[in-house]
Amino acid sequence: MNSSVKLPNFRGMNPHPEAVLITGASRRIGLALAKECLDLGYAVVIHYRSTPEPALTELRGKSVYFLQQELGHSPQSLIDEALRLPLTLSGLINNASVFTPGNLTNPLHLEEVISVNALIPAKLGNSFVQSAKDGKWIINITDAHVEPLNVNYQNYRISKKLFNDITRQMAFLYSPKIRVNAIAPGAILPSPQEQNGETFKKLARKIPLGKTGDPQFIRHTLRFLIQNEYINGEIIKVDGGWHLLD
């Protein structure tokens, strides 16, 4: 595995603080999740695929480690690398995903997105349960808008529907040792492919609350799921009611 670790200054701090491993956390929603975990007092292990920025700049001086890996190569090795750090790994957030167009006429694309968006997180969860003796919870990041049929992003929708079901199955299987829940964002940020965000802004007309969201709403939900120890197997939609139109 190609990995790089940035060591924070833990002088005067707990040498083995409770920590959360977050996949795909160097930017966007993943970065927001990392900030919330830090605010809750956790150290954070940020996984990234190609670049640690902007997290490396924005979180400089915080209790953060960075691990680089292509998740498809060996999900188990990411858990192993995190467990070698001077941390107590108690949480896993499966955030990494791909959002690219494609439908059933492209079966290779279907295999790719199902692997990244559903199967690899399932493997990571299993490795976390088996190896992280101090593990307490897993939170998966799914998608609130997966029910409507969509030709352009059909494969993506299928992968996230599968991930929703995997979340419930994980919650049932790993109880009582590990709680498993999911956050299903709606229109929170424009897709990386959008240059000016105009398409994203137009989504507000379709959302019952009349507006798009903000990463802070995902952060609030993350805090709730971490702190409420009697929630298991839930998928919380954070979408302004967009799912009501499905």
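Start by selecting K201 and E198: the two lie three residues apart in helix α6 (residues 198-202), about one turn of the helix. Helices here are DSSP runs of H or I with at least four residues, strands are runs of E with at least two, and both are numbered from the N terminus. The model is predicted, so local features need pLDDT of at least 70 and side-chain atom pairs count only at pLDDT 80 or more, while totals for chains, interfaces and linings use all residues. Residues are numbered from 1 along each chain as its sequence is written, and side-chain values use heavy atoms, with hydrogens and water left out.

**Stop 1**

A salt bridge means a side-chain nitrogen of Lys or Arg within 4 Å of a carboxyl oxygen of Asp or Glu. By this rule the count comes to twelve salt bridges. Side chains of opposite charge can pair when their charged atoms come close.

Now check the surface. K201 is exposed, at 51% relative accessibility. E198 is partly exposed, at 37%. The cut-offs are these: buried is under 20% relative accessible area, exposed is over 50%, and partly exposed is in between (1.4 Å probe, protein chains only).

**Stop 1: a link across the chain**

Select K136 and E18. Their side chains meet in a salt bridge of 3.2 Å, N to O. This pair links distant parts of the chain, 118 residues apart: K136 is in the loop between α4 (107-131) and β5 (137-141), and E18 is in strand β1 (residues 18-22). K136 is partly exposed, with a relative accessible area of 44%. E18 is partly exposed as well, at 32%.

**Stop 2: a buried pair**

Next, pick E36 and R219. Their salt bridge is 2.7 Å, N to O. E36 sits in helix α1 (residues 28-39) and R219 in helix α7 (residues 215-227), so the pair links parts of the chain 183 residues apart. Are these two buried or exposed? E36 counts as buried, at 5% relative accessibility. R219 counts as buried too, at 19%.

**Stop 3: along helix α1**

Nine of the twelve residues of α1 are buried, so the helix is largely enclosed by the rest of the structure. Among the buried ones are I29, L33 and L38.

Then go to R28, which lies in α1. Its phi is near 55°, a positive value in a residue other than glycine. R28 is partly exposed, at 35% relative accessibility. Just after α1, select G41, where phi is positive at about 100°.

**Stop 4: two cis peptide bonds**

Most residues other than glycine have a negative phi, and most peptide bonds are trans. Select E53 and P54: a cis peptide bond joins them, with omega about 5°. P54 is in the loop between β2 (43-48) and α2 (55-58). Finish at S175 and P176, where the peptide bond is also cis and omega is near 5°. P176 is in the loop between α5 (154-174) and β6 (179-185).
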